[in-house]
Amino acid sequence: MITLRPYQEEVKAAVYGHLRARDDNPCAVVPTAGGKTPIMASICKDAVGQWNGRVLILAHVKELLEQTADKLRIVCPEIDFGIYSAGLKRRDTEHPVIVAGIQSVYKRACELDAFNLVMVDEAHLIPLEGDGMYRQFLADAKVINPELRIIGFTATPFRLKTGPICTPDGFLNHICYDVGVRELIRDGFLCPLISKAGKAKADTTALHVRGGEFVADEVEDLMDQETLVKSACAEIVQHTTSRQATLIFASGVKHGQHIVETLDREHGIQCGFVCGETPTAERDAILGRFKAGELKYLCNVNVLTTGFDAPHIDCVALVRPTMSPGLYYQMVGRGFRLHPSKENCLVLDFGGNVLRHGPVDEIQITTMDRGDGKTPAKECPDCQAVIAAGFAICPQCGYEFPPPERKQHDAKASEAGILSGQVTTTKFPVEDVVYSVHTKRGASDDDPKTLRVDYRVGWHDYKSEWVCFEHEGYARQKAVAWWRQRSPDLVPDSAQRAVEIIEGGGLAATLGITVRAVAGDPYERIIDHELGPLPDALPAGEFPDYDPDEIPF
């Protein structure tokens, strides 16, 4: 017996409310690992037990079919249900509830006869147009029963190419309930996620995009380079010494095999591997060993993004970049499930996905991914204007951006938080510091200027702060405190005077900085400095003796 969680009861009530009040079809948005199958099982129980209806549950992978069957046995053991799936070697057609694989039934709507309800798991797979399997089956099912109602369940109510899955003319028309990742983590129903810095990250700027996604061959060639694979494997091992189950997403079959070989050769680690070509029996055996804890590492290619239920996964390594927010979400979502042995799930991102798509709980697509979506942007390092990424010269202040570097690796991987509002603090050793007088964009000559400090912390990687000697109030107080930590000289009254003292050796060296970043906030903050020893005060009588008679006035 399963008692639905409060939000699961709300989902069910919202579905029923929609079916009573409207003539079209609802869709419920529940995060990965949020428990969609218990909700569907509970609806089956009501539909058959109370209303004498007939229900079909559709999914696209046998793992989801098996999960649904398991939940039906627990939630409503009194309901006789059948399974129609070639993969599960069952072809039941007469039961009041049928759990079916869409690949097996999409041409067999007549064989299954009429249903009152069709529930679709992973409903974002229903295309808005075309002759896909879901569209073909649902169209036929509505011919058999024109009163058929369809209920969709998904964690990602959008498609990469066409945007939102609910439209007035589609099979799904309205989102009746939407509960977010953050709420479920807050309430203890999902496992918290954390992200860690790595040292190797691929530069994806040269990749071409086709159909809204990176070209697969280019992605695999990029990620499969020896140095990158070795570096990524070393980091995965380093960060997972105290973790129990790591799921790795590779960019292709050759790349995945390369990762497995490198983990074995360099670290003596056995890593399982599954891809679409892995024979079913072999795949089941590998997944079974991983779930049982016999394999700590499991690498896959496009296989375990949906329907794979291994709650003990406490590290997800994204060794593949993707343009698809849905795929990004599904990969990260493998770590959402709760397990008594884990405190959180670590996400290691080697593909720049967190920065590309943002925090996983704030992914939003309101229209097609290309054209109508937000334009990629960048920040001008001189005036902080946020401008379109394509500008070579800042239209606000004229700053010339350096040409894109075709470097093999970035100095370090993303530190971006995987959840919105998540705070990340990172310590950087400082390689160099540049001090300059900064005039705010649009300011007049009489407006106060600031001392701009640019800390170089890597190859073309700078962190900046501004010190306001010429301002008043709190800004000036902060500037005074900043200066007194670094110099025995009097606090300057202007940014120009500060630069002069600094150039004369009057400021302590900055050896390191600590940067605070908040996911969703475009600006980082320097919150701490590691300083060298204070320099000696500049001597007041350092000027050479002179003859007063030489003074011409």
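Predicted model: local features only at pLDDT ≥ 70, side-chain atom pairs only at ≥ 80, totals over all residues.

Reply: Let's start with arginine 108 and glutamate 111, whose side chains form a salt bridge with the closest N and O atoms 3.3 Å apart. The term here means a side-chain nitrogen of Lys or Arg within 4 Å of a carboxyl oxygen of Asp or Glu. Arginine 108 is partly exposed at a relative accessible area of 37%, and glutamate 111 gets the label partly exposed too, at 39%. For those labels, buried is under 20% relative accessible area, exposed is over 50%, and partly exposed is in between (1.4 Å probe, protein chains only).

Residues are numbered from 1 along each chain as its sequence is written, and side-chain values use heavy atoms, with hydrogens and water left out.

The salt-bridge count comes to 17. Among them is the pair of arginine 22 and aspartate 24, with N to O at 2.8 Å; arginine 22 is partly exposed, at 32% relative accessibility. Another one joins aspartate 70 to arginine 73, also listed at 2.8 Å from N to O. Both of these residues belong to helix α3 (residues 62–75) and are three residues apart, about one turn of the helix. (Helices are DSSP runs of H or I with at least four residues, strands are runs of E with at least two, and numbering goes from the N terminus.) Aspartate 70 is partly exposed at 39%, and arginine 73 is partly exposed at 45%.

Helix α2 (residues 36–49) meets α3 at an angle of about 50°, and their axes are 9 Å apart. Axes here are lines fitted to C-alpha atoms, for helices over the stretch in contact, with angles running from 0 to 180 degrees between N-to-C directions. That angle is why α2 and α3 count as oblique to each other: under 35 degrees is roughly parallel, over 145 roughly antiparallel, 65 to 115 roughly perpendicular, and the rest oblique. The crossing of α2 and α3 is right-handed, meaning the near helix is turned clockwise from the far one by less than a right angle, with anticlockwise giving left-handed.

In the loop between α2 and β2 (55–59) you'll find asparagine 52. Its phi is positive, about 55°, although asparagine 52 is not a glycine. Asparagine 52 is exposed, with 69% relative accessible area. Lysine 89 is another non-glycine residue with a positive phi, near 60°. Lysine 89 sits in the loop between β3 (81–85) and β4 (90–91), and is exposed at 73%.

On to the cysteines. There are zero disulfides, taking one to be a pair of cysteine sulfur atoms within 2.5 Å. Cysteine 76 is in no disulfide, and the nearest cysteine sulfur to it, that of cysteine 44, is 6.2 Å away. Cysteine 76 is buried at 1% relative accessibility, whereas cysteine 110 is exposed at 67%.

Strands count as paired if DSSP finds at least two bridges between them. β23 (residues 450–458) is linked to β24 by seven bridges, and the two run antiparallel. Tyrosine 455 stands opposite lysine 463 of β24. Further along is helix α14 (residues 473–484), which includes lysine 478. Lysine 478 is ten residues from cysteine 468 in sequence and 7.7 Å from it in space, C-alpha to C-alpha. Lysine 478 is partly exposed, with a relative accessible area of 48%.
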